[in-house]
Amino acid sequence: MRDLYGGCSLGVVTGSSSRVGVGGLREVAAPLVVPGPTGVATRTSLKGLTGQDEKVLRLVGGLLGSLASRDLKARCVAGLDHHTDQWAQRKRVLTQDSSSRWAGSITKATHDQWALARRGQLAHIQNLQAGIDVIARRLSLPVGAKGSKGAPGGYRSRQEWFAKSRRLHLLEDQLERERADREAGRVRVVRGGRKLLRNRHNLEAARLTATQWRQRWEARRWFLQADGESGKGCGNETIRVTADGEVSIKLPAPLAGLANRPHGRYVLACRVRFRHRGREWVDRVSANRAVAYRIHYDVGRGRWYLTASWQTPPVETVPLEAARAGGLVGVDMNADHLAAWRLDAHGNPVGNPRRFDYDLTGSAPHRDAQVRHALIRLLHWAGRHHLAIAIEDLDFRAETTREKHGRRKRFRKLISGMPVSKLRAHLVSMAAELGITIVAVDPAYTSRWGAQHWQKPLTCKTRKTTRHDAAAVAIGRRALGCPIRRRTQPPLHDQSDRAGHRSVQAASGIPGREGTRPRTPGPRTRSAGAGYGAKAGDQCAHNRSGHTAEHESWQQDSLPLSP
């Protein structure tokens, strides 16, 4: 079966090719199958804790938190001059006040936090440089100069031009300081979170009292996490959780007197059970495979939680051609919904589009639950049809700057509020559990070409196709390797180009752009001459008196869709 809607286009750069079109379009990356996650995590609450249990947890968390703060300071002071000998020295110092395993967990967490700060510092420098480039370009243009689709024009007034010139100097000074810090290896890290730290100076806006803020601040700075060890009891000697749910903690040396079990261990009064991935967790614990644990306290709810995490072998992905074999589902992500449309293996839309709504207002847990609920509905729908899912590989880090879109505050807020990274991470992990393949495509021109070439043809009296639905079709076709752009219909009165060339015509170098349909062997209606063809001697096939053909209606056969 052929592509019913397709056709050659002018310099199309499809997902299966990285060529640059004759129209000066940017290079489009090829689609790829997204690999599955390499680690999992599951969480449960610690119910039934006694007053003594909570006291011990607070004391252990406070002591280890102070050691972690001291170690982070030492690591930041070392900067780029850090080496393995300094790491070993820091670990020996921490071991004296805790244990060797606690010291190893603290130093590893310190290195991860310092590396994360360095990555954030680099991203901030790139963001500053992008803003400076945009402002400098707009300042060089005359006031009121119009911009193009790819870049904004000059500023609207002299007042705005003057304000932006001052902002340019501020950004340049800030960029110089950030580059100096990066060259010197200096990073700025706040244990507990910079946002919570700033709330201390504006408690009324944060709707917190001084006591509530202090409780949150202390709980954020506690340290109660331990890395797993393969071959050790239950996969972790520091925080041990047995298969029947018993939780015990190896107390640091200064708190060894609070132990209620031999060898300086404290066993909590509660029993835990992981509802999600419980069987997988039990198998790892029973085989003494490494499992990392983290205990934290939610001040708002007044509850203690235990999070277990472990590494998984990489999920073996299917080849791209196998994912395309039965068609797939194209998905366009928007600020309040996911637009999806099913496509067959030839890129033809099948059925009606689907919409999966979510609400991103409210608290962070509510937004996260909304995203998960929309994704699970999408995955279940794709799973019923045994189809892969095609989604754009979006990255708005360079699109959310105030200099990129100028006064369009509403648009900046819109794209900044889209949970791109969270949705992508949830989709990949949830799809891996259900055995659904995810195909990532380049987002270039999908919305524009989808609205231009697919929104109107797919709209009918019983179905109103939106711009987002058309973008989903474009995304799916790019994942299938089909061109997105279509040639317009021929002139209405003729099937030739006598009335002028089509507005979207194929380039001269594309093979088959004006190729004719291969002829089907055998005679066709009004195509075989008199006395020729398979029915040349059949008198009933002619319009003669006394034959059945005289009393039957004639109807032309439809042309076949394939040779």
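This is a predicted model: local features need pLDDT of at least 70, side-chain atom pairs count only at pLDDT 80 or more; totals for chains, interfaces and linings use all residues.
**Exercise 1.** Work out which parts of the chain the salt bridge between Arg-70 and Asp-97 ties together.

*Solution.* Start with the contact itself: the closest N and O atoms of Arg-70 and Asp-97 sit 3.2 Å apart. The cut-off is 4 Å between a side-chain nitrogen of Lys or Arg and a carboxyl oxygen of Asp or Glu, so this pair makes the list. Arg-70 belongs to helix 1 (residues 51-78) and Asp-97 to helix 2 (residues 84-97), so the bridge ties together parts that are 27 residues apart in sequence. Now for accessibility: Arg-70 is partly exposed at 42%, and Asp-97 is partly exposed too, at 28%.

**Exercise 2.** Find where Asp-244 and its partner Arg-271 lie, then decide whether Asp-244 is buried or exposed.

*Solution.* First, the salt bridge: Asp-244 and Arg-271 have their closest N and O atoms 3.1 Å apart. Asp-244 is in the loop between strand 4 (239-241) and strand 5 (246-250), while Arg-271 is in strand 6 (residues 265-271), so parts 27 residues apart in sequence get tied together.

**Exercise 3.** Classify the accessibility of both Asp-357 and Arg-355.

*Solution.* These two side chains form a salt bridge, with 2.5 Å from N to O. Asp-357 comes out at 37% relative accessibility, which is partly exposed. Arg-355 has 45%, also partly exposed.

**Exercise 4.** Say how many salt bridges the model has, and name a network.

*Solution.* The count comes to 15 salt bridges. For a network, take Asp-181, Arg-186 and Arg-188, which salt bridges link.

Note on methods: Residues are numbered from 1 along each chain as its sequence is written. Side-chain values use heavy atoms; hydrogens and water are left out. Helices (H or I, at least four residues) and strands (E, at least two) are DSSP runs, numbered from the N terminus. Buried means under 20% relative accessible area, exposed over 50%, partly exposed in between (1.4 Å probe, protein chains only).
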